[in-house]
Amino acid sequence: GVAGRHRVIVLSDGLWRRQFGADPAIVGRSIQLNGVAHEIVGVLPPAFEFSNTSLELWAPMPLEGLSGPLSRASHELYV
């Protein structure tokens, strides 16, 4: 596989409502993040809480092709 090939994001409910007018057809749309197109694959429910409440979108962290502390062989990750 190619590291980072799946450029997808999930939006918080708040960001979806503020920036995208709660558009129910948002899933599948592409938006630019740091000049790179990412496909919106979901919107989290309003009650979703994560340890950092200021986060408003989530993207997977590619691990393919990496070595050292971020390789798939590693069994822990500190962020």
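**Exercise 1.** Work out how the lining of the second largest pocket divides into nonpolar, polar and charged residues.

*Solution.* In this predicted model, start with the space itself: the second largest pocket has a volume of about 170 Å³. Its lining comes to 14 residues, with Ser-12, Phe-48, Thr-53, Leu-55 and Trp-58 closest to the centre. Now sort the lining by type: 7 are nonpolar, 4 polar and 3 charged.

**Exercise 2.** Find where Leu-55 sits in the chain, and decide whether Leu-55 is buried or exposed, or something in between.

*Solution.* Next the cover: its relative accessibility is 33%, so Leu-55 counts as partly exposed.

**Exercise 3.** Compare the salt bridges of Arg-17 and Arg-18.

*Solution.* Take Arg-17 to begin with: its partner is Asp-13, and the closest N and O atoms are 2.9 Å apart. Both lie in helix H1 (residues 13–20), 4 residues apart, or about one turn of the helix. Asp-13 has a relative accessible area of 12%, under the 20% cut-off, so Asp-13 is buried. Then Arg-18: Glu-56 pairs with Arg-18, with the closest N and O atoms 2.4 Å apart. This pair links distant parts of the chain, 38 residues apart: Arg-18 is in helix H1, Glu-56 in the loop between S3 and S4.

Key
Residues are numbered from 1 along each chain as its sequence is written. This is a predicted model: local features need pLDDT of at least 70, side-chain atom pairs count only at pLDDT 80 or more; totals for chains, interfaces and linings use all residues. Side-chain values use heavy atoms; hydrogens and water are left out. On a 1 Å grid over the protein atoms alone, a cavity is a set of points where a 1.4 Å probe fits but cannot get out, and a pocket is an open set with protein on both sides within 12 Å along at least five of seven lines; lining residues have an atom within 4 Å of a point. Grid points are joined across faces, edges and corners, and a volume is the space filled by probe spheres set on the points. Ala, Val, Leu, Ile, Met, Phe, Trp, Tyr, Cys and Pro count as nonpolar, Asp, Glu, Lys and Arg as charged, and the others, Gly among them, as polar. Buried means under 20% relative accessible area, exposed over 50%, partly exposed in between (1.4 Å probe, protein chains only). A salt bridge is a side-chain nitrogen of Lys or Arg within 4 Å of a carboxyl oxygen of Asp or Glu. Helices (H or I, at least four residues) and strands (E, at least two) are DSSP runs, numbered from the N terminus.
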